[in-house]
Amino acid sequence: GGVLFPMPESAALQPLGLLVAAGLGIVAGLALGTLTAMVYACEDFFQRLPIHWMWWPAIGGLVIGLGGLVDPRALGVGYDNIQALLNGDIGATSAITLIAVKAVIWSVALGSGTSGGVLAPLLIMGGALGAILGNVIPPAVFGGDDGLWALVAMAAMMGGTMRSPLTAMIFALELTHNIGAFLPLAIGCIMAHGTTVLLLKRSILTEKVARRGHHVLREYIVDPFEVMRGGEIMAK
């Protein structure tokens, strides 16, 4: 029924604005590749520490606390941040700080084994990315506003992560009921998906499965011929 993140009606998008949506999708895909590398670099770092694994979440929690001192908005679930980004209430400088701190503490949290989610942090970081871009795009030329670009970047980040651009697009529409954003959402999500497919062998969700020794082919499918011996399938 209700709208979880209501947002004001976005300004009309000019034809050139669709090119911006495509570029924003590509940037979101590149950002996701960086985040994926950060998460698994942190995981590798903790595995190399000469201490018992039970201390890893404590160290991760310490880093999260220090990040909260730098920018308290990076802590918690962050629904208020998502709403503020969609309303265009966060400026470029604040968005840069938010995305930098959130990326570090999120990567350390997941790498250390501390409990953490994926959806809300990606929406926050994607929205901050869109807010930064929205502050440098002249509305008179491209149309749109900070809230629209934040919404497109949120959905693009989610679609690239989940490798499901249509799901991300509909998800964004359901959360905001901003039907006018349908076309830029579709373009941004598809471009983010294409970028991550070309950039990453696996998504951030299946990389951990592959790193545990399970062969993952085309994401959620395990090729049986890669895990079975010839003698198990040959007729004797």
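**Briefing: helix packing and selected side chains**

Helix α2 (residues 56-70) packs against helix α4 (residues 92-112) at an angle of about 170°, and their axes lie 8 Å apart. The model described here is predicted. Its protein has eleven helices and zero strands, and of its 236 residues, 44% are buried.

**Contact of α2 with α4**

- Two packed helices are described by the angle between their axes and the distance between the axes.
- The angle of about 170° between α2 and α4 is over 145°, so the two helices are roughly antiparallel to each other.
- On the α2 side, the contact is formed by Trp56, Pro57, Gly60, Val63, Ile64, Gly67 and Val70.
- These residues of α2 meet Val101, Ile105, Val108, Ala109 and Ser112 of α4.
- The residues of this contact comprise nine nonpolar, three polar and no charged.

**Overall architecture**

- From the N terminus on, the order of elements is α-α-α-α-α-α-α-α-α-α-α.
- Of the contacts between residues at least 6 apart in sequence, 76% join residues at least 24 apart.

**Salt bridge**

- Side chains of opposite charge can pair when their charged atoms come close.
- The structure holds one salt bridge.
- This salt bridge joins the side chains of Arg73 and Asp71, with an N to O distance of 2.9 Å.
- Arg73 has a relative accessibility of 28% and therefore counts as partly exposed.
- Asp71, by contrast, has a relative accessibility of 5% and therefore counts as buried.

**Cysteines**

- A disulfide is a covalent bond between the sulfur atoms of two cysteines.
- With a cut-off of 2.5 Å between cysteine sulfur atoms, the count of disulfides in the model is zero.
- Cys42 has a relative accessibility of 17%, which lies under the 20% limit, so Cys42 counts as buried.
- Cys189 is also buried, because its relative accessible area is 1%.

**Thr195 in helix α9**

- Thr195 is located in helix α9, which spans residues 182-199.
- The relative accessibility of Thr195 is 12%, so Thr195 counts as buried.
- When neighbours within four places in sequence are left aside, Thr195 is in contact with Gly25, Ile26, Gly29 and Leu30.

Terms used:
Residues are numbered from 1 along each chain as its sequence is written. This is a predicted model: local features need pLDDT of at least 70, side-chain atom pairs count only at pLDDT 80 or more; totals for chains, interfaces and linings use all residues. Side-chain values use heavy atoms; hydrogens and water are left out. Axes are lines fitted to C-alpha atoms, for helices over the stretch in contact, and angles run from 0 to 180 degrees between N-to-C directions. Helices (H or I, at least four residues) and strands (E, at least two) are DSSP runs, numbered from the N terminus. Angles under 35 degrees count as roughly parallel, over 145 as roughly antiparallel, 65 to 115 as roughly perpendicular and the rest as oblique. Contact means heavy atoms within 4.5 Å. Ala, Val, Leu, Ile, Met, Phe, Trp, Tyr, Cys and Pro count as nonpolar, Asp, Glu, Lys and Arg as charged, and the others, Gly among them, as polar. A salt bridge is a side-chain nitrogen of Lys or Arg within 4 Å of a carboxyl oxygen of Asp or Glu. Buried means under 20% relative accessible area, exposed over 50%, partly exposed in between (1.4 Å probe, protein chains only).
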